[in-house]
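Q: I have a protein model open and want to learn to read it. Where do I begin?

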Amino acid sequence: MGYGEKVKKWFFEEDDDDVYENEEIDTEEESVKSTSLFEKAKSTKTTDAMKALSANKDSHLILFEPRAYSETQEIATYLKQKRAAVVNLHRLQKEQSKRVIDFLSGVIFAIEGDIQQIGPKIFLCTPKNIGVSGNITMDDSETDE
């Protein structure tokens with residue numbers, strides 16, 4: 001099973017094991033109490049996002065790490081197929097990164113989607129059929145990279 005299939009299985013496979021023993025539930029409640037407020041909020045947001053993605057079986061999240069501007073055509077193809085894409089631009093030079101974002105911004109505009117920066121040089125591109133709620137704030141030092 002390839003890496004892509006493992007990720008797909010992890011994101012979209014439904015749990016049929018909803019039966020828990022009482023001891024396990026008590027243990028989980030104790031571990032939740034010991035987690036920080038930030039971890040709880042992050043876990044809740046992640047769980048909500050995963051439920052939203054799982055609700056629509058036609059939606060897919062594709063991860064890209066282009067090494068050249070020429071690879072952006074493939075990203076655009078996935079976006080036109082109404083699939084979300086996370087694009088990591090760490091391997092590109094600053095000028096090429098700018099060109100990729102300009103191109104993807106045009107594609108996103110054409111398909112009435114959305115593009116958000118979710119990390120330094122990491123962008124989430126979504127078509128209009130996939131909603132994204134919430135936002136991620138970054139320090140000024142992270143956005144300048």
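The dialogue below goes from the overall fold to single residues.

Q: What should I know before reading?
A: This is a predicted model: local features need pLDDT of at least 70, side-chain atom pairs count only at pLDDT 80 or more, and totals for chains, interfaces and linings use all residues. Residues are numbered from 1 along each chain as its sequence is written, and side-chain values use heavy atoms, with hydrogens and water left out.

Q: How many helices and strands does the protein have?
A: Helices (H or I, at least four residues) and strands (E, at least two) are DSSP runs, numbered from the N terminus. Here there are six helices and four strands. Along the sequence they follow the pattern α-α-α-β-α-β-α-β-β-α.

Q: In what order do the strands of the sheet lie?
A: Strands of a sheet pair through backbone hydrogen bonds, either parallel or antiparallel. Two strands count as paired if DSSP finds at least two bridges between them. In this model, four strands form an open sheet with mixed pairing, in the order 1-2-4-3.

Q: Which strands stand at the edges?
A: Strand 1 (61-64) and strand 3 (114-119) do. Each has a single partner strand, so one side of each lacks a neighbour in the sheet. Neighbouring strands are turned by 20 degrees against each other on average, direction ignored.

Q: In which sense do strand 2 and strand 4 pair?
A: Strand 2 (residues 84-88) and strand 4 (residues 122-126) pair in the antiparallel sense, over four bridges. Take Ala85: its bridge partner in strand 4 is Cys125.

Q: Which strands does helix 4 touch?
A: Contact means heavy atoms within 4.5 Å. Helix 4 (residues 72-80) packs on the sheet and touches strand 1, strand 2 and strand 4. Axes are lines fitted to C-alpha atoms, for helices over the stretch in contact, and angles run from 0 to 180 degrees between N-to-C directions. The direction of helix 4 makes about 170 degrees with that of strand 1.

Q: What percentage of the residues is buried?
A: Buried means under 20% relative accessible area, exposed over 50%, partly exposed in between (1.4 Å probe, protein chains only). Buried residues make up 24% of the 145 residues.

Q: Where is Lys82, and what is its phi?
A: Lys82 sits in the loop between helix 4 and strand 2. Its phi is near 65 degrees, a positive value in a residue other than glycine. Lys82 is partly exposed, at 47% relative accessible area.

Q: Which loop holds Lys121?
A: Lys121 is in the loop between strand 3 and strand 4. Lys121 has a positive phi of about 65 degrees, although it is not a glycine. Its relative accessible area is 25%, so Lys121 is partly exposed.
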